[in-house]
Amino acid sequence: MAKNPMRVLVTGAAGQIGYALVPMIARGVMLGPDQPVILHMLDIEPAAEALNGVKMELVDAAFPLLKGVVATSDVVEACKDVNIAVMVGGFPRKEGMERKDVMSKNVSIYKAQASALEKHAAPNCKVLVVANPANTNALILKEFAPSIPEKNITCLTRLDHNRALGQISERLKVHVSDVKNAIIWGNHSSTQYPDVNHATVASNSGEKPVREIVADDNWLNSEFITTVQQRGAAIIKARKLSSALSAASSACDHIRDWVLGTPKGTWVSMGVHSDGSYGIQKGLIYSFPVTCENGEWSIVQGLKIDEFSRAKMDATAKELVEEKSLAYSCLN
């Protein structure tokens, strides 16, 4: 029996990430090859003409799963009855801007969008925040959309997770699908901690620990970590534009695993509401290893944390506490 369409909102849809993301959603990459979708695309008024161009292209692509397109600069119309919201739109940091200036702009954007989701989204709407500072934008959204369950508001660290898997696969010259269970702890920023202490690589004789196969702790504890932390900056330097294709792809991965479930024995990284696990302050939006089943995520428990990891996890948590206090000061 045919499924009812799901309504998926993409904010900032005329931008680079939005342009890469909407065809992936329309093709079934996010919700599966048998799930029809209605795309809701929101962007600011100055981008309305470009947004209409994206809508024209979606029509021209004749995607069988795409059952409708709403393209608008009206936040209420954009949020109406949406089941999934991918918050790509935000105010980027420009040259000469202080962190507080960027935070202040994003706080006002996310406050307005949270209120619209609160009033107009479908019950049990799932929200993924992509725009930076992603963890703190998600925190603000949670604050101003109190009726959306806190477990339904997440931020994107899957891009960093996928980058970590990619670095290991390149180092070992194995397929990326043979590497699993890396972890991104903390903030989607240069303080994040890419951790491979529990990651494995598939081999002819079964799964082996990444540390054992790489056999180079110095590389894993230094260059590997900084490469993943600074990959976004490296791409900007190379492309003269920020990551769009990989960000869009990882947003699809994040939602797909959340809605359809993670494979047995595999976890992924998601920025989620901390319940105090691993000593992380409750209420922060912090990236943890999670498994997903029946549309719900659960933090993987009981992983052994060594001293090196503990220090890195605490440092990125400290940055999130500082960001939270900066964001809340912008509310006054």
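**Exercise 1. Locate proline 133 in this predicted model and describe the peptide bond that joins asparagine 132 to it.**

Solution. Step one: proline 133 sits in the loop that runs between strand 5 (126-129) and helix 5. Step two: the peptide bond joining asparagine 132 and proline 133 is cis, with omega at about -5°.

**Exercise 2. Describe how helix 1 and helix 2 pack, and classify their arrangement.**

Solution. Two packed helices are described by the angle between their axes and the distance between the axes. Step one: helix 1 and helix 2 (residues 48-61) pack at an angle of about 30°, and their axes are 11 Å apart. Step two: angles under 35 degrees count as roughly parallel. Helix 1 and helix 2 are therefore roughly parallel to each other. Step three: the crossing of helix 1 and helix 2 is right-handed. Step four: helix 1 contributes Tyr19, Val22, Pro23 and Ala26 to the contact, while helix 2 contributes Val54, Glu57 and Leu58. Step five: by class, the contact of helix 1 with helix 2 has 6 nonpolar residues, no polar ones and 1 charged.

**Exercise 3. Carry out the corresponding description for helix 4 and helix 5.**

Solution. Step one: the axes of helix 4 and helix 5 (residues 134-144) cross at roughly 40° and come within 8 Å. Step two: this angle makes helix 4 oblique to helix 5. Step three: helix 4 passes helix 5 in a right-handed crossing. Step four: from helix 4, the contact includes Met103, Asn106, Val107 and Tyr110; from helix 5, the residues are Thr136, Asn137, Ile140, Leu141 and Phe144. Step five: the contact of helix 4 with helix 5 comprises 8 nonpolar, 4 polar and 2 charged residues.

**Exercise 4. Characterise the largest pocket by its volume and its lining.**

Solution. Rolling a probe the size of a water molecule over the atoms shows where empty space is left. Step one: the largest pocket contains about 1700 Å³ of space. Step two: 50 residues line the largest pocket, and the closest to its centre are Phe91, Pro92, Arg93, Ala131 and Asn132. Step three: the helices that each supply at least two residues of this lining include helix 1 (16-26), helix 4 (99-120) and helix 12 (307-331). Step four: helix 4 gives the most to the lining of the largest pocket, namely 6 residues. Step five: the lining of the largest pocket divides into 21 nonpolar, 20 polar and 9 charged residues.

**Exercise 5. Characterise the second largest pocket, and identify the helix that gives the most to its lining.**

Solution. Step one: the volume of the second largest pocket is about 270 Å³. Step two: 15 residues line the second largest pocket, with Arg158, Leu165, Val176, Ser177 and Val179 the closest to its centre. Step three: at least two lining residues come from each of helix 6, strand 7 (179-180) and helix 11 (245-260). Step four: helix 6 gives the most to the lining of the second largest pocket, with 4 residues. Step five: the lining of the second largest pocket has 6 nonpolar, 5 polar and 4 charged residues.

Definitions and conventions:
Residues numbered from 1 in each chain as written. Predicted model: local features only at pLDDT ≥ 70, side-chain atom pairs only at ≥ 80, totals over all residues. Heavy atoms only, no water. 1 Å grid on protein atoms, 1.4 Å probe; cavity = no way out; pocket = protein on both sides within 12 Å on 5 of 7 lines; lining within 4 Å. Points joined across faces, edges and corners; volume = space filled by probe spheres on them. Nonpolar A, V, L, I, M, F, W, Y, C, P; charged D, E, K, R; others polar. Axes fitted to C-alpha atoms, helices over the stretch in contact; angles between N-to-C directions. Parallel < 35°, antiparallel > 145°, perpendicular 65-115°, else oblique. Left-handed = near helix turned anticlockwise from the far one by under 90°. Contact = heavy atoms within 4.5 Å.
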